[in-house]
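This report describes one protein model, starting with its aromatic residues and ending with its surface. Please look at the structure below before reading on.

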Amino acid sequence: MNYMNKATIMGMIISFLGLIGFITAMSIGSHFPIHQWPYQVFQGIAFSLSFGLGLPVIISYTVTCVLFFIVASVFFMLGAKLSHCLFRTK
């Protein structure tokens, strides 16, 4: 397994764990079953943007999708950097 594969795999694993952590943090105290948490977090953020900030519904959903993408991307980059540290490559 070469370096690129190690960094990509590590980034994907950390990204997945980061998204799970984000969803868990947003769902603390929720009465919903655990398999509904991702949907409820997504809908909760979209509702907060729409109702709280007064954004149109389509923009709220778009911003929520972008937020999830940013969270996944940041954790992917952290995973790739962690891979650099663990495997001592450039």
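## Aromatic residues

The model is a predicted one. In it, Y61 has a relative accessible area of 30%, so Y61 is classed as partly exposed, the class between under 20% and over 50%. F42 is also partly exposed, at 21% relative accessibility.

A pair of aromatic rings is described by two values, the distance of the centres and the angle of the planes. The protein has four aromatic pairs. In one of them, F42 and Y61, the ring centres are 5.9 Å apart and the planes meet at 25 degrees, so this pair is stacked, because planes under 30 degrees apart count as stacked. F42 belongs to helix α2 (residues 37-53) and Y61 to helix α3, so the pair ties together parts of the chain that are 19 residues apart in sequence.

F42 also pairs with F68. Here the distance is 5.8 Å centre to centre, with 50 degrees between the planes, and the pair is tilted. F42 in helix α2 and F68 in helix α3 are 26 residues apart, and their pair links distant parts of the chain. Together, F22, F42, Y61 and F68 make up one aromatic cluster.

## Overall fold

Which elements make up the secondary structure of the protein? There are three helices and zero strands, and from the N terminus the order is α-α-α. The radius of gyration is 16 Å, well over the 12 Å given by the globule rule for 90 residues, so the protein is more spread out than a compact globule. Along the principal axes, the C-alpha atoms fill a box of roughly 50 × 30 × 15 Å.

Of the 90 residues, 23% are buried. Among contacts between residues at least 6 apart in sequence, 52% join residues at least 24 apart.

## Surface

The protein exposes about 6,300 Å², and carbon and sulfur atoms supply 77% of this area. Part of the surface is a nonpolar patch formed by M12, V66, F69, I70, V74, F76, M77 and L78, with about 770 Å² of accessible area together.

Where does the largest share of the nonpolar patch come from? Helix α3 (residues 57-87) supplies seven residues. I70, one of the patch residues, is located in helix α3. With a relative accessible area of 44%, I70 is partly exposed.

Methods:
Residues are numbered from 1 along each chain as its sequence is written. This is a predicted model: local features need pLDDT of at least 70, side-chain atom pairs count only at pLDDT 80 or more; totals for chains, interfaces and linings use all residues. Side-chain values use heavy atoms; hydrogens and water are left out. Patches are made of residues with over 30% relative accessible area and no salt bridge: like charges are joined within 9 Å, nonpolar side chains (Val, Leu, Ile, Met, Phe, Trp, Tyr) within 5 Å. Accessible areas come from the Shrake-Rupley method with a 1.4 Å probe; for residues, only the protein chains shown count as cover. A salt bridge is a side-chain nitrogen of Lys or Arg within 4 Å of a carboxyl oxygen of Asp or Glu. Helices (H or I, at least four residues) and strands (E, at least two) are DSSP runs, numbered from the N terminus. Buried means under 20% relative accessible area, exposed over 50%, partly exposed in between (1.4 Å probe, protein chains only). The radius of gyration is taken over C-alpha atoms; the globule rule is 2.2 Å times the number of residues to the power 0.38. Contact means heavy atoms within 4.5 Å. Rings of Phe, Tyr and Trp (its six-membered ring) pair if their centres lie within 6.5 Å; planes under 30 degrees apart count as stacked, over 60 as edge-to-face and the rest as tilted.
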